[in-house]
Amino acid sequence: MALDPKARGLLDMVQRVGVPRFHELDVPQARRASEKLLFAFRPDAPPVASVTEVPIGRRDGSVLMARLYRPLQATSGQVLPLLVFYHGGGWCVGDVPSYDVVCRELANGAGCAVLSVEYRLAPEHPFPAAFDDALLAPDWAMEHADLLEIDPERVALGGDSAGGTLLLGVALAWRDRAGVSPLRYLAAIYPCTEIRSNRPSRETYGDGYFLDRDTLRWFFERYLPNGESEDWRASPMRAESLAGLPAMTLVTAGCDPLTDDCLAFAERAQAEGVTVRHHRYDGMVHGFFTLGGYFPQANVAVAQVAADLSEALSAT
């Protein structure tokens with residue numbers, strides 16, 4: 001598949017200025033590089049009704065921080081559906097501030113509250129720390145629904161890249177728990193559905209398409225230092241069954257090494273009775289979703305995901 005001209009222009013610009021690839025950076029450098037990219041190419045931040053920092057206590061006494069957005073159209077005291085959102089970044093980079101704009105957009109577009117989760121990052125906190133935090137967030141939110149002014153019967157999970165992997169793992173774990181409200185919907189944006197894969201897109205788009213094979217390896221080695229690649233919490237495709245997952249939206253980029261893995265996951269999920277709504281953006285590269293200040297397609301994709309969430313989280 002041919003690259004979109006805008007995507008080619010971004011890649012050419014990165015190469016022209018000699019920006020090092022992720023696998024050539026140490027962890028602090030990689031985090032700064034990720035932050036600079038997102039801040040440089042994200043759209044302007046739309047206003048919302050409120051933004052609140054939310055501390056979530058872990059069992060060991062430490063605190064998981066999250067940020068709660070209420071959409072611009074929300075009134076005081078109004079009970080809203082909730083999207084729990086997990087940012088991308090290979091479980092090693094990325095943070096809540098870098099994803100501030102997209103969470104605002106999703107809140108306003110879907111008419112729901114959004115809880116953006118600052119899960120722990122590797123290598124300081126390797127697997128399964130990020131997964132444990134990702135599982136804790138919706139659990140805590142439902143338990144404190146009155147405090148957050150959200151409806152525990154209308155909760156969705158969303159996230160891009162590594163965040164998409166986390167939400168799929170959480171959804172699988174949630175499906176098998178007794179006595180909890182079911183999740184209403186999932187919105188997975190180009191998730192990594194399995195760590196080890198030999199599908200064609202891993203090779204076709206493995207070099208020169210923004211997310212390359214060496215960067216993937218850089219992430220995997222830091223997130224999974226003990227080689228847990230076959231654990232379904234890290235590789236949701238390894239789950240014994242996908243049956244019983246909530247309906248989901250899947251966004252893929254045409255020129256992404258992960259795209260064939262995403263499509264294989266969707267095909268298997270549908271075969272096992274899961275409703276999957278797939279939106280493919282041809283010519284786009286991995287990571288485009290948050291770069292709406294540069295890619296028009298990103299704004300279309302965010303609006304489409306928001307529309308899907310709005311429909312799925314409606315009261316009826």
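The model is predicted, with local features needing pLDDT of at least 70 and side-chain atom pairs counting only at pLDDT 80 or more, whereas totals for chains, interfaces and linings use all residues. Residues are numbered from 1 along each chain as its sequence is written, and side-chain values use heavy atoms, with hydrogens and water left out.

Q: Why is α4 called oblique to α6?
A: Helix α4 (residues 129-143) and helix α6 (residues 162-175) pack at about 60 degrees, with axes 9 Å apart, where axes are lines fitted to C-alpha atoms, for helices over the stretch in contact, and angles run from 0 to 180 degrees between N-to-C directions. Angles under 35 degrees count as roughly parallel, over 145 as roughly antiparallel, 65 to 115 as roughly perpendicular and the rest as oblique, so α4 is oblique to α6.

Q: What makes up the contact of α4 with α6, by class?
A: Contact means heavy atoms within 4.5 Å, and on this criterion Ala130, Phe131, Ala134, Leu135, Pro138, Asp139 and Met142 in α4 meet Leu166, Gly169, Val170, Ala173 and Trp174 in α6. By class, ten residues are nonpolar, one is polar and one is charged; Ala, Val, Leu, Ile, Met, Phe, Trp, Tyr, Cys and Pro count as nonpolar, Asp, Glu, Lys and Arg as charged, and the others, Gly among them, as polar.

Q: Why are α3 and α10 described as oblique to each other?
A: The axes of helix α3 (residues 100-110) and helix α10 (residues 296-312) come within 8 Å and cross at roughly 45 degrees, and α3 and α10 are therefore oblique to each other. Their contact divides into seven nonpolar, three polar and one charged residues.

Q: What makes β1 and β8 the edge strands?
A: Eight strands form an open sheet in the order β1-β2-β4-β3-β5-β6-β7-β8, with mixed pairing. Two strands pair if DSSP finds at least two bridges between them, and β1 (50-57) and β8 (276-285) each pair on one side only.

Q: How do you know that β6 pairs with β5 and with β7?
A: Strand β5 (residues 150-160) and β6 pair in the parallel sense over five bridges, while four bridges join β6 (residues 185-189) to the parallel strand β7 (residues 248-255). Ala187 stands opposite Gly158 in the former pairing and opposite Thr249 in β7.

Q: Why is β6 called mostly covered?
A: Buried means under 20% relative accessible area, exposed over 50% and partly exposed in between (1.4 Å probe, protein chains only), and five of the five residues of β6 are buried. Tyr185, Ala187 and Ile189 lie on one side and Leu186 and Ala188 on the other.

Note on methods
Helix = DSSP H or I, 4+ residues; strand = E, 2+ residues; numbered from the N terminus.
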